Amino acid sequence: MCPWCHDSPERQQLRKEFESDIVNHGEEPQVDEHCIFCQIIQGHAPDQPIILFQNSEVSVFFAKHSSSFTHLLIVPTCHHGNPQLKKEDLPVVEYLHKVGMRVLEMYLEYFMWLNKWKMENCTVRSGFHSPSYKSAQHLHLHVIFTPPGHEMEFMDRLQYKLNSSWFVTYDRMINRLKNMPDADALPPPKTENQGQATQKKIAGIDTPNFKQKLQLALWASRDYFLPTQKGN
């Protein structure tokens, strides 16, 4: 039986391994009908990708625009918008990463054997785009696997440049969340008008698209001129 068939032993094993209420806290998952990731989770997106794993907490599927040999997206099954992550989101982030890496491991098992790849010669990037640069308004973790002979294109390496102004690795995100002050110690959030004024002051436009934001980040970011690191 195919390991990714709905009732395969492999999927049953994963569902048992990752039983949890970390994300939804035991409540029914909520969806946003206008969210492309929610449409994918429900199985009726215009370009429906293969869902490798899904339970009430998390869904794992292939990215529409793959940046390398394997590019997975790991998202909460319930609609989770793109607010700034807070310290209390730490268990959710850890859970998404744990599921994503396990699914990647199972998916690659055959390819690793067939091509005689060794993991130490491969690169795995896992991380999040900064809120201003996210293309979908639903929290998602990227896990990108690059084996020998399958190098990422220049623009893909740039879009997922490790620890740049627009892409933060999982490890650095975990450190950020752990070092954040508790919620009751944080200053009050800016009002909507203040946020819009700050955006206009920095960007000179109201709602810049991804390419415009990337250009601004490249102009402002010193680490753009540093060589790309290997691994996470």
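Select cysteine 35 to begin: this residue is buried, with a relative accessible area of 6% (buried means under 20% relative accessible area, exposed over 50%, partly exposed in between, with a 1.4 Å probe and protein chains only). The model is predicted, so local features need pLDDT of at least 70 and side-chain atom pairs count only at pLDDT 80 or more, while totals for chains, interfaces and linings use all residues. Residues are numbered from 1 along each chain as its sequence is written, and side-chain values use heavy atoms, with hydrogens and water left out.

Now select cysteine 78, which counts as buried at 10% relative accessibility. Here too the closest cysteine sulfur is in cysteine 38, 8.2 Å away and too far for a bond.

Move to the largest nonpolar core, which has 36 residues. Such a core is a set of buried Ala, Val, Leu, Ile, Met, Phe, Trp, Tyr and Cys residues joined through side-chain atoms within 4.5 Å. Select Phe53, Leu72, Ile74, Val99, Val103 and Phe145, the members that touch the most others. At least two residues each come from strands E1 (51-54), E2, E3, E4 (123-129) and E5 (141-146) and from helices H3 (90-115) and H5 (170-179). Helices (H or I, at least four residues) and strands (E, at least two) are DSSP runs, numbered from the N terminus. H3 gives the most to this core, 12 residues. A second, separate core of 12 residues includes Cys35, Ile40, Ile41 and Ala136.

Select serine 68 next, in the loop between strand E2 (58-62) and strand E3 (70-76). Is serine 68 buried or exposed? At 15% relative accessibility, serine 68 counts as buried. Leaving out residues up to four places away in sequence, serine 68 touches Ile144, Phe145, Thr146, His150 and Met152 (contact means heavy atoms within 4.5 Å). The side chains of serine 68 and threonine 146 are joined by a polar contact of 2.6 Å, that is, a pair of N or O atoms within 3.5 Å; within protein, one must be able to donate a hydrogen and the other to accept it, and residues adjacent in sequence count only if both atoms are side-chain atoms.

Finish at H5, whose buried residues are Tyr170, Met173, Ile174 and Leu177. These pack against H3, E4 and strand E6 (167-169).

Terms used
A disulfide is a pair of cysteine sulfur atoms within 2.5 Å.
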